[in-house]
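Here is a short report for a first look. Please keep the sequence and the structure in view while reading.

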Amino acid sequence: MRKHALDLGRLLAVARKETIQLRRDPRSLAMAFLLPLGLLLFFGYAISWDLKDLPIAVRDEDATRSSRELVDALEGSNFFQVAERLDSRAPIDHLLRHGQVRGVLVIPRGFSRDLAAGRRAPVQLLLDGSDANTAIIMMNYADAIAARWSQQVLLRGQQLPGLATAEPRVWYNPTLASRNMIVPGLIAVIMSIIAAMLTALTIAREWERGTMEQLAATPVHRLEVVFGKLLPYVVIGFIDVAGSTILGMLLFGVPLRGSVLLLAGLTLLFLLGALGLGIFISAALKSQVLATQVALVATYLPALLLSGFIFDLGAMAPVLQAISRIVPARYFIAVTRGIFLKGVGVQVLWIQGLSMIIFAAVGIGAATAAFRKRISA
Amino acid sequence: MSAAVEVRDLTRRFGGFTAVDRVSFEVGTGEIFGFLGPNGAGKTTTLKMLTGLLPPTSGEAVVAGVDVAQQALELRARIGYMSQKFSLYGDLTVDENLELFAGLYGVTGERFARRRAWALHMAGIEGQERRLTAELPLGWKQRLALGCAVLHEPPLLFLDEPTSGVDPMARRAFWDLIYELAAGGTTVLVSTHYMEEAEYCHRLLLMHRGRIIAQGRPAELRGLMAEPIYSFRTDHAPQAVEALQHAEGVREAALFGRDLHVVLDPERDEPERVRALLAAAGHAVHGIEQVEPSLEDVFVALVRREGGAVTT
């Protein structure tokens, strides 16, 4: 019995046909190129965990040079914007209650005197705690600004520096710009969705149009069909990732510190798995509408919620952490963030690489198996 | 005549339903072999098993020297198959479809150029190479699909109701192509529910509810019908049919054009008695003629003999 060898000619014939069909289908083209672009722009601009120009009110009861300097330091940070300067403490409650300001800084009389005497000089910051996250961030910002300002005052030689202070340095993302974290993560999330959605259509469409049976009646091997169909989408996936990367760097100023080659290699692994998953869904369900919906649900929510994109995986319930281990986007996010922000190499990312090799093997294996089963049913 | 197809007790069950039930037959090289039967008779399922698209539940089939259950891919390189539904890619042009199937069948270079020219000529669509296949009339599409299915010059061709949906002219043109291929040595297995198409086949398999109820040449099959059939010419055939509904010795009375076709009991082959019955009911008979049974008559008679109802 002669073994039926895989044939590159047949594989390329399928790939070529798939490319022509894709080129003539505006719906698929839009999904392939416009959707990722739109998502990147939308999320890139819409999601930000940074707070800027938070409106605050100031009641300066001290009214000295020092107190004015402290207010200037707060305002100069870009985090706060002094919306009101108050003559008394009376309107504070009203302002916070109506949300006109997010916080009120009260500098009590005697502030500069205490400061000059080298005593602790407390100021009061009243915060709107109804949005706890924002309140905490404001508190940290204000603390940091006040501490830095105090240090400058000390350095001016008015007092001997007697206090040891911690000086935090944030590595990889020194300005703590959340966008730097979002954009690389977003590329991973978007590609998870797009890849599965694109291929979800491809086999279901052939079933619906009756072309699959004709294809199945030729000597084409199911692996040739699966890889032939994957090929054009891998190219599209690469274009998407490259485009998103360039856009992220130019538009959002995201740094790319690591190896482009490594990023490309790991992207390929990820795409093979994600596209394979789409083909599996498509072959198993045989209906374009159903396959698209399942592909969306199966990729979108996990990629968004269980990948570490929004929520820190370490802080999740153990059961969710366990589930997140089978979410491929989790590994790809670690890859994009690692390469973009930290510039790390294979010695760090090999575990993600290995996970994605497994994912690719499972995705393509499942696709091929589902395809064989369906051919004969 | 060596056998191109040998089938022994081929069976396919879907759950509790037996779609094809212990079917055995042989097809000789160069034959046009037809499968005739109503929808659900098991024709398509049989063809799918013979082309390796569907594994048999039991039994065996050797097609072009290959066991269909063992070497499906080997088999597909040696056969051409055209499914019931038009199944070329509508969003590809004529040329792109030809190139795709050439690629899948490994037809390349000079051989492809020759086969492409042949297929375009055969389908009568020269000059339409750059048109989207979806835009072509159905008859052209079907001939192109045939061209794609035999691009690799397979010794065997399977056609599953290839002409369903096209007009009689296009159907006739399609059969001319089948004859041409058979004359070139290709063995053709074709399923149909058109009786007139069945007449074009060299040999036929009559299938009903998954089983073979008869096989042979069209003339042989007609000979299987023992009941004589007469054509009666009357003025009001529809009313005359009514008059014979429960008449003794009459198996069946049906309209055939403007005439009345009456199947008689072989033991009571008395057409003059029927003339008298009709006259008694007020229908004058202007002429009686014994007619050759059509394959449809044979089919109906055989199914009735088996004790089954005919559902077409």
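## Chain A at a glance

Of the 377 residues in chain A, 47% are buried. The model is a predicted one. Chain A holds 14 helices and 4 strands.

Its accessible surface is about 18,900 Å². Carbon and sulfur atoms account for 63% of that surface. Consider next the contacts in chain A with a separation of 6 or more: 80% of them join residues 24 or more positions apart.

## Two domains

Chain A splits into two domains. Domain 1 covers 13-47 + 177-375, and domain 2 covers 54-158. Between the C-alpha centres of domain 1 and domain 2 of chain A there are 48 Å.

## Nonpolar cores

The largest nonpolar core counts 126 residues. Within this core, the residues with the most contacts are B:L98, B:L146, B:L159 and B:L206. Helix α7 of chain A (residues 178-209) gives the core its largest share, 16 residues. A second core of 30 residues is separate. Among its members are B:F25, B:V27, B:F158 and B:M207.

What does B:L146 touch, leaving out residues up to four places away in sequence? The list is B:M82, B:M122, B:L157, B:L159, B:F174, B:L177 and B:L181. B:L159 from this list is also one of the residues with the most contacts inside the largest core.

## A nonpolar surface patch

Chain A also carries a nonpolar patch on its surface, of about 690 Å². It is made by A:V346, A:W350, A:I351, A:L354, A:I357, A:I358 and A:V362. One of these, A:W350, sits in helix α14 of chain A, which spans residues 346-375.

How values were computed. Residues numbered from 1 in each chain as written. Chains lettered and ligands numbered in written order. Predicted model: local features only at pLDDT ≥ 70, side-chain atom pairs only at ≥ 80, totals over all residues. Heavy atoms only, no water. Patch = residues over 30% accessible without salt bridge, like charges linked within 9 Å, V, L, I, M, F, W, Y side chains within 5 Å. Areas by Shrake-Rupley, 256 points an atom, 1.4 Å probe, with all protein chains shown as cover. Salt bridge = Lys/Arg side-chain N within 4 Å of Asp/Glu carboxyl O. Helix = DSSP H or I, 4+ residues; strand = E, 2+ residues; numbered from the N terminus. Domains from an automatic or database assignment. Core = buried A, V, L, I, M, F, W, Y, C linked by side-chain atoms within 4.5 Å. Buried < 20%, exposed > 50% of the residue type's maximum accessible area, 1.4 Å probe, protein only. Contact = heavy atoms within 4.5 Å.
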